[in-house]
Amino acid sequence: YNLLLCSTIIETGIDVPTANTIVMSRADKFGLAQLHQLRGRVGRSHHQAYAYLLVPEIEGLTKQAAQRLDAIQQMEELGSGFYLAMHDLEIRGAGEVLGENQSGNMMEIGFQLYNEMLAEAVRSLKAGKEPDLLSPMQATTEINLHAPALLPNDYCGDVHLRLSFYKKLATARTSEQIDTLLEEIVDRFGKLPPPAQTLIDVHRLRVLSQPYGVQKVDAAPGVIHIAFKPNPPISPMAIIQMIQKNKHIKLAGNDKLRIEKALPEPKDRAQMVRDVLRTLGATAPA
């Protein structure tokens, strides 16, 4: 082992090509960015290097210190710097968007929700509307196909990639965006297994259902329920005509359709919901 004795000045980028081992005393006192930079001072190209993080006792670590050390241990592969930065942002918090303070209220609601609220406010301002800061965020249509909807471990083994695809699918707003993600997933991992196909069908239905004012889709093998929000943008006459022409479709209250049909496969249930909504011919309000 070739050890270098120094202070944290080494993290500024001092190059010591012969050093292949670093020992960090009281690693629990360093920030995540510091740990990442210090670890990067050893190891060159194909040469194996080692980083030892020393702490007095695991049980005595603060919650944030434990999170930092856990994150730095998990992020070992190339390109992990971005994920470390995201972990650091979640652990430490972020500053105010408008203002000079280095800490804000983001961690009260979480980074993801904060971004969504900010994006919603920006969209309102661009549309010439005053953002309603007291109103809740627009609820996502709930879709349940009564089947596993996920990217299996043996299909996509990298947990970070799976989380990335889940997030991209959950935030997709158009069918075209989902098509693009589907192409990328198939190109990287091959033909979709049934749970992954169900995941894609769930998000296709979510995107398709929102302009129709659908609040929830519950699609079991024997019966499907489609619940609408109050005053959905659907013609009552279109609903009546559809029920008259299809005996397996009934009204279940003022805001719910009941479809009684045996459809064992989740993809067939998803297709049935799509067909029903397209038959209604609803469009999103201008």
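These are my notebook entries on a predicted model of one protein chain.

**Entry 1: the whole chain**

I began with the overall counts. The chain has 286 residues, and 33% of them are buried. I found 10 helices and seven strands in its secondary structure. I then looked at contacts between residues at least 6 apart in sequence. Of these, 60% join residues at least 24 apart. The exposed surface comes to about 18,100 Å². Carbon and sulfur atoms supply 54% of that surface.

**Entry 2: the sheet**

Next I traced the strands. In what order do the five strands of the open sheet run? I read β3-β4-β5-β7-β6, with mixed pairing. β3 (142-144) and β6 (249-251) are the edge strands, each pairing on one side only. From one strand to the next, the twist averages 15°.

I noted one of the residue pairs: Ile 226 has Leu 257 in β7 as its bridge partner.

Then I checked which helices cross the sheet strands. α8 lies across β3 and β4 and runs at about 145° to β3. α9 lies across β6 and β7, at about 135° to β6.

**Entry 3: the nonpolar cores**

I looked up the largest nonpolar core, which has 25 residues. Which members touch the most other members? My list reads Ile 224, Ile 226, Phe 228, Leu 257, Val 276, Leu 277 and Leu 280. Elements that each supply at least two residues are α8 (194-209), β4 (214-219), β5 (223-228), α9 (236-245), β7 (256-260) and α10 (266-280). α10 gives the most, with six residues. I set a general remark beside this: in soluble globular proteins, nonpolar side chains tend to be buried together.

Beyond residues up to four places away in sequence, Val 276 touches Ile 226, Met 242, Ile 249, Leu 257 and Ile 259. Two of these, Ile 226 and Leu 257, are the bridge partners I noted above.

There is also a second, separate core of 16 residues. Its members include Ile 10, Leu 32, Leu 35 and Ile 72.

**Entry 4: Tyr 155**

I moved to the loop between β3 and α6, where Tyr 155 lies. Is Tyr 155 buried or exposed? Its relative accessible area is 12%, so Tyr 155 is buried, the limit being under 20%. I listed its contacts, leaving aside neighbours within four places in sequence. They are Ile 185, Val 186, Phe 189, Gly 190, Lys 191, Leu 192 and Pro 193. A polar side-chain atom of Tyr 155 lies 2.6 Å from the backbone oxygen of Gly 190. I also checked Arg 188, which is 33 residues from Tyr 155 in sequence. Their C-alpha atoms are 9.9 Å apart.

**Entry 5: two positive phi values**

I went through the backbone angles. Most residues other than glycine have a negative phi. I found a positive phi, near 55°, at His 146. His 146 lies in the loop between β3 and α6. It is partly exposed, with 40% relative accessible area.

Asn 231 also has a positive phi, about 55°, and is not a glycine. I placed Asn 231 in the loop between β5 and α9. At 76% relative accessibility, Asn 231 is over the 50% limit and therefore counts as exposed.

Gln 271 is in helix α10. How does its accessibility class come out? Gln 271 stands at 30%, between the 20% and 50% limits, so I logged it as partly exposed. Its side chain makes a polar contact of 2.9 Å with the side chain of Asp 275. Asp 201 is 70 residues away from Gln 271 along the chain. The C-alpha atoms of the two are separated by 8.6 Å.

Last, I checked Thr 21 in strand β1 (residues 21-24). Thr 21 is buried, at 4% relative accessible area. Its side chain joins that of Asn 20 through a polar contact of 3.1 Å.

Definitions and conventions: Residues are numbered from 1 along each chain as its sequence is written. This is a predicted model: local features need pLDDT of at least 70, side-chain atom pairs count only at pLDDT 80 or more; totals for chains, interfaces and linings use all residues. Side-chain values use heavy atoms; hydrogens and water are left out. A nonpolar core is a set of buried Ala, Val, Leu, Ile, Met, Phe, Trp, Tyr and Cys residues joined through side-chain atoms within 4.5 Å. Buried means under 20% relative accessible area, exposed over 50%, partly exposed in between (1.4 Å probe, protein chains only). Helices (H or I, at least four residues) and strands (E, at least two) are DSSP runs, numbered from the N terminus. Contact means heavy atoms within 4.5 Å. A polar contact is a pair of N or O atoms within 3.5 Å; within protein, one must be able to donate a hydrogen and the other to accept it, and residues adjacent in sequence count only if both atoms are side-chain atoms. Accessible areas come from the Shrake-Rupley method with a 1.4 Å probe; for residues, only the protein chains shown count as cover. Two strands pair if DSSP finds at least two bridges between them. Axes are lines fitted to C-alpha atoms, for helices over the stretch in contact, and angles run from 0 to 180 degrees between N-to-C directions.
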